[in-house]
Structures are given as structure tokens and as C-alpha cells.
Amino acid sequence: MKLHDSTEDNEIQAQLNQKDWNEIRANDSWGIFKIMSEFVNGYEAMGRIGPCVSIFGSARIKPGDPYYLLAEKIAYKISKAGYGVITGGGPGIMEAGNKGAHLGGGTSVGLNIELPFEQHHNPYIDRDKNLNFDYFFVRKVMFVKYSQGFVVMPGGFGTLDELFEAITLIQTKKIGRFPIVLVGTTFWSGLIDWVKTVLIEREATVSASDLDLIKIVDTEDEVVAVIDAFYKKFDLSPNF
């Protein structure tokens, strides 16, 4: 059985041969300053925006897709309710989220990342709120530090990464217990069933109460209702 394509093997070998250990160590040391600059720029820009809701989802979903249209409606209603919207700034669900916020007259933030494919910023981000990052971990800090809620649309590995990052930080009390809303019962039910039957019941690696952190909904009105209920419970106001 062939494990790797020869082209892939050649690419891996080229990467391994690029630098010796001393070069890697030197570059890592100087890279600290670039990381610091991304944090400083991100904090300064995001600190002026105010609390927002992050919308996560696939870059591959096309305009006209039902999930794209639903994400646009969700962002529109979120912005009309007084909340800003943060997305990853790219195409697909991210574009839909920024578009909905833009059409709703709300704050529309894009946190872009340099990738070899898929990612390019969409035209619906506020001009002064289009941030670019080289490091995924810096970008993720901006998502969780300045989000007062997380709306998770269907997506791939990146979306799952963002979802479980938010759950972990809330579970470990590193950030506040902000609402996490999964949109699409059909899409998410298999994952939730696996968490219940394997992680909770069979392996006991997750507490049953951890699922209380998540709400699964199917409509834009349900999303806003979950977020509004959270704010009313703690007597908070959006963007203040």
C-alpha cells in the first residue's frame, strides 16, 4: 500500500532540508518580535471595536447555498439587535457573515489569515476593521478575547478547531461562559451524538454538563434569542 504520493514526499523532504537546527532556533527567536507586533496591532484595533459575536464556518460554501443565506440572515439580525460581527474575513460563511452585518448597518470585522489556498478577504468588511495575521494562534486569541458569543455554522477542520477552542476555554474558565450556538441540526447532530455516546458515556473523558455550553438551532431567530437570553440573564447590553 502506497502511503504517500511521490510529489508529496518530495515536498516534505524539501521542507526538512530547508533549514538546519541552528537556523530554526535563530529564526524562532527573531520571530518573537513579529508575533508581538501582531498581538499589539490586534489588541489596539480590536479594543476600539467593542464586544461582538463571532461567526465561524466554511470558506468553501458558495453564495446561494442555503447555509450561506442563513449565515447572512443571522448576521443581519445580530447586527440589528445591536451586536457587532466578527468573522475570519474570507469567502464562504465568513463572507456571508460580514455581508449580513454590513447590510444591517452593524460593525463588520474580518480577521484574515495568510493561507496557500481559499483565503482572501471579502468586500463586506468595514474598511478600518480588516485585520491580517500570519499566525493562527494570534488570530484565535482575537476571536475569543473580543467575542461575547460564538455562532458556529457548518464547516471543516478549521471550524471544528475554532469550536473546540471556544468550548475548552469556557470549560476551563479561561474566558467567560459566553453562548456557543451551533447552527444546523442535521449537520451537527452526528458530532453531538458521538460526544454523548463515546466521550461522555463510554470513555468518561467529558462531563455531561459540558454539553450545557452548547445550543443547537436551525433559524436566525433562534440564534438571536439565545444570545439575547444570555445578555438579559446577566443584565448586559450589546456593545456597551
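What follows is a working chat about a predicted model, covering its salt bridges, one of its helices and a surface patch.

Me: How many salt bridges does the structure hold?
Reply: The structure, which is a predicted model, holds ten salt bridges.

Me: Which residue does lysine 140 pair with, and how far apart are the closest N and O atoms?
Reply: Lysine 140 forms a salt bridge with aspartate 161, and their closest N and O atoms are 3.1 Å apart. This pair links distant parts of the chain, with lysine 140 in helix 5 and aspartate 161 in helix 6, 21 residues apart.

Me: Are those two buried or exposed?
Reply: Lysine 140 counts as buried because its relative accessible area is 17%, under the 20% cut-off, whereas aspartate 161 is partly exposed at 35% relative accessibility.

Me: Where are glutamate 38 and lysine 34 relative to each other?
Reply: Both are in helix 2, and because they are four residues apart there, about one helical turn separates them. In general, an α-helix has 3.6 residues a turn, so residues three or four places apart point the same way. As for burial, glutamate 38 is buried with a relative accessible area of 7%, while lysine 34 is partly exposed at 35%.

Me: Switching to helix 6, which of its residues are buried?
Reply: The buried residues of helix 6 are Thr159, Glu162, Leu163, Ala166, Ile167, Leu169 and Ile170. The elements that cover them include strand 1 (52-56), helix 5 (136-145) and helix 7 (185-202), along with strand 5 (147-152), strand 6 (180-183) and strand 7 (214-217).

Me: What about its length, and what follows it?
Reply: Helix 6 runs over residues 157-171, so 15 residues, and reaches 21 Å from its first C-alpha to its last, close to the 21 Å expected at 1.5 Å a residue. Lysine 173 follows helix 6, and its phi is positive, near 65 degrees.

Me: Last one: which residues form the nonpolar patch on the surface?
Reply: Trp30, Ile32, Phe33 and Met36 form that patch, and together they have about 500 Å² of accessible area. Isoleucine 32 is in helix 2, residues 21-46, and at 45% relative accessibility isoleucine 32 counts as partly exposed.

Definitions and conventions: Residues are numbered from 1 along each chain as its sequence is written. This is a predicted model: local features need pLDDT of at least 70, side-chain atom pairs count only at pLDDT 80 or more; totals for chains, interfaces and linings use all residues. Side-chain values use heavy atoms; hydrogens and water are left out. Patches are made of residues with over 30% relative accessible area and no salt bridge: like charges are joined within 9 Å, nonpolar side chains (Val, Leu, Ile, Met, Phe, Trp, Tyr) within 5 Å. Accessible areas come from the Shrake-Rupley method with a 1.4 Å probe; for residues, only the protein chains shown count as cover. A salt bridge is a side-chain nitrogen of Lys or Arg within 4 Å of a carboxyl oxygen of Asp or Glu. Helices (H or I, at least four residues) and strands (E, at least two) are DSSP runs, numbered from the N terminus. Buried means under 20% relative accessible area, exposed over 50%, partly exposed in between (1.4 Å probe, protein chains only). Contact means heavy atoms within 4.5 Å.
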